[in-house]
Amino acid sequence: MAMQKKNAAVAIFDHHSEAEAAIQELHRAGFDIKKLSIVGRDYHSEEHVVGYYNAGDRMSYWGKMGAFWGGIWGLLFGAAFFWVPGLGPLIVGGPLVSWIVAALEGALFVGGLSVLGAALYSIGIPKDSVLQYEAAVRSDRYLVVAHGTPDEVRKAKEILDAQSAEPTQVHLNDED
C-alpha cells in the first residue's frame, strides 16, 4: 500500500469529555467536521466483536460509553469498532477509519506498530510520534486528529491547544 501523506494535528486527551469538548469547539470555529477523527478504547464493551465499521451512516454502540460515542458519531464522518491485538477494543470515528481499513486490506504493517499505528504512519506521521499515540490509546486516553491543508491544521492546533492538557503535535507533509 502506497503512503498517502496527509497533514494532521494530533491532540491527546485524558478523558472522553475533554475530547468531545475539543471536537465541539473545532466545529464551532468552522472546522470541517469531515476532517476530524477520534480514537479511544472502551474496556466495557459487552460484545466480543472482531471488527465492524460503517462509513457514512450512523453507527450504533451500546457499551458503557454509548452516549459519548453515539454523540461523536453523529458529528463525524464514518465510525468503526475494531479489536486490535495489543490495544484491545478500539473505537474510531472520522477519516482515520478508512485508513485503518486500508491498512488491514493492504496488509500494511510497519515493524512493531499496531494497525492503528500503521494507518497513522501511512499518512505520514513519523514512527516516534505514532508510538507515542499508540501508548496514549493503550493507557485509555483519547486522540483527536484534525486533517486538512497546512493552514487548516495550524488553525486546528491553536484550538486544540486551548482544550488539551498536552501540546498538540502538527505533522505537515505537503506545504501549500
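This note walks through a predicted model of one protein, from its overall layout to a few residues worth a look.

1. **How to read the model.** Residues are numbered from 1 along each chain as its sequence is written, and side-chain values use heavy atoms, with hydrogens and water left out. Because this is a predicted model, local features need pLDDT of at least 70 and side-chain atom pairs count only at pLDDT 80 or more, while totals for chains, interfaces and linings use all residues.

2. **Confidence.** The pLDDT (the predictor's confidence in each residue, from 0 to 100) averages 78 over the protein, and 72% of the residues score at least 70. Please take care with residues 44-70, where the pLDDT is below 50. Beyond near neighbours in sequence, that stretch has 56 contacts in the model; a contact means heavy atoms within 4.5 Å.

3. **Overall layout.** The protein has six helices and seven strands. Helices (H or I, at least four residues) and strands (E, at least two) are DSSP runs, numbered from the N terminus. Along the sequence they follow the pattern β-α-β-β-α-β-β-α-α-α-β-α-β. Of the 176 residues, 51% count as buried, where buried means under 20% relative accessible area, exposed over 50% and partly exposed in between (1.4 Å probe, protein chains only). Among contacts between residues at least 6 apart in sequence, 65% join residues at least 24 apart.

4. **The largest core.** In soluble globular proteins, nonpolar side chains tend to be buried together. A nonpolar core here is a set of buried Ala, Val, Leu, Ile, Met, Phe, Trp, Tyr and Cys residues joined through side-chain atoms within 4.5 Å. The largest one has 30 residues, and L96 and L116 have the most contacts inside it. Elements that give two or more residues to this core are β1 (8-13), β4 (79-84), β5 (88-93), α3 (96-105), α4 (115-122), α5 (127-138) and β6 (142-147). The largest share, six residues, comes from α3. Apart from this core lies another, of 18 residues, among them F13, I23, L26 and A156.

5. **L116 and L87.** Leaving aside residues up to four places away in sequence, L116 touches V39, L87, L90, L96, I100 and V137. One of these partners, L87, sits in the loop between β4 and β5. L87 counts as buried, at 1% relative accessibility. With the same exclusion of residues up to four places away, L87 touches R41, S114, L116, E134, V137 and R138. L87 and S139 are 52 residues apart in sequence, yet 9.0 Å apart in space, C-alpha to C-alpha.

6. **Helix α5.** The expected span of a helix is 1.5 Å times one less than its number of residues. For the twelve residues of α5 this gives 16 Å, and the end C-alpha atoms are 16 Å apart, which agrees. Buried in α5 are S129, V130, Y133, E134, A136 and V137. Seen down the axis, these buried residues fall within an arc of 160°, so they line one face of the helix; the arc is that of the directions from the helix axis to the C-beta atoms. They pack against β1, β2 (36-41), β5, α4, β6 and β7 (169-171).

7. **The loop after α5.** What comes after α5? The helix is followed by D140, whose phi is positive, near 65°. Most residues other than glycine have a negative phi, and most peptide bonds are trans. D140 is in the loop between α5 and β6 and counts as partly exposed, at 35% relative accessibility. R141 lies in that loop between α5 and β6 too, but R141 counts as buried, at 19%. Its side chain joins that of E166 through a polar contact of 2.6 Å (a pair of N or O atoms within 3.5 Å; within protein, one must be able to donate a hydrogen and the other to accept it, and residues adjacent in sequence count only if both atoms are side-chain atoms).

8. **Helix α6.** The 14 residues of α6 (residues 150-163) should span 20 Å, and the end C-alpha atoms are 20 Å apart, which agrees. Its buried residues are P150, V153, A156, I159 and L160. What covers them includes β1, α1 (16-28), β6 and β7. P150 has a relative accessible area of 2%. P150 and N173 are 23 residues apart in sequence and 8.4 Å apart in space, C-alpha to C-alpha.
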